[in-house]
Amino acid sequence: MFDIFGIKERVLPWISGFLKFIRVKYDKILSKDFKLSYVVPQGSVLNPTLFPMFLAGVEKLITENSSIGSFADDIVLWHSSHDMPRL
């Protein structure tokens, strides 16, 4: 993360900890912790910063006949081919 974004020292472990668990507050009641995996929680204060970092390098996955589309905090990848396997 330092090489790409210059994040160092205590910030990286803090971000990692921020993304491990989430709690929901509804009507003054706080839920138990929910474990997150490979997501940036929508609506979080850090979402505008973390989502672009989460997607950094995704353009390297794009191959011939593939496309990528993104808007705000949504992304879609698709691939078209005449030789698509049947499922």
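Predicted model: local features only at pLDDT ≥ 70, side-chain atom pairs only at ≥ 80, totals over all residues.
View A. Strand 6 covers residues 74-79 and runs antiparallel to strand 5, to which it is joined by 6 bridges.

**View B. The turn of the hairpin formed by strand 5 and strand 6.** Between the two strands of this hairpin there are 2 residues. Alanine 72 takes a positive phi in the hairpin, near 55 degrees.

**View C. Isoleucine 68 and a nonpolar surface patch.** Isoleucine 68 belongs to strand 5, which spans residues 66-71. Its relative accessible area is 36%, so isoleucine 68 counts as partly exposed, a class that lies between the limits of 20% and 50%. On the surface, Ile68 forms a nonpolar patch with Leu61, Ile75 and Leu77. Together these residues have about 340 Å² of accessible area.

**View D. The salt bridge of aspartate 33 and arginine 23.** The closest N and O atoms of this pair are 3.4 Å apart, and the cut-off for a salt bridge is 4 Å. The count of salt bridges in the model comes to 1. Aspartate 33 lies in the loop between strand 3 (29-30) and strand 4 (34-35), while arginine 23 lies in the loop between strand 1 (21-22) and strand 2 (25-26), so the pair ties together parts that are 10 residues apart in sequence. Side chains of opposite charge can pair when their charged atoms come close.

**View E. Surface exposure of aspartate 33.** With a relative accessible area of 45%, aspartate 33 is partly exposed.

Note on methods
Residues numbered from 1 in each chain as written. Heavy atoms only, no water. Patch = residues over 30% accessible without salt bridge, like charges linked within 9 Å, V, L, I, M, F, W, Y side chains within 5 Å. Areas by Shrake-Rupley, 256 points an atom, 1.4 Å probe, with all protein chains shown as cover. Salt bridge = Lys/Arg side-chain N within 4 Å of Asp/Glu carboxyl O. Helix = DSSP H or I, 4+ residues; strand = E, 2+ residues; numbered from the N terminus. Buried < 20%, exposed > 50% of the residue type's maximum accessible area, 1.4 Å probe, protein only. Pairing = 2+ DSSP bridges.
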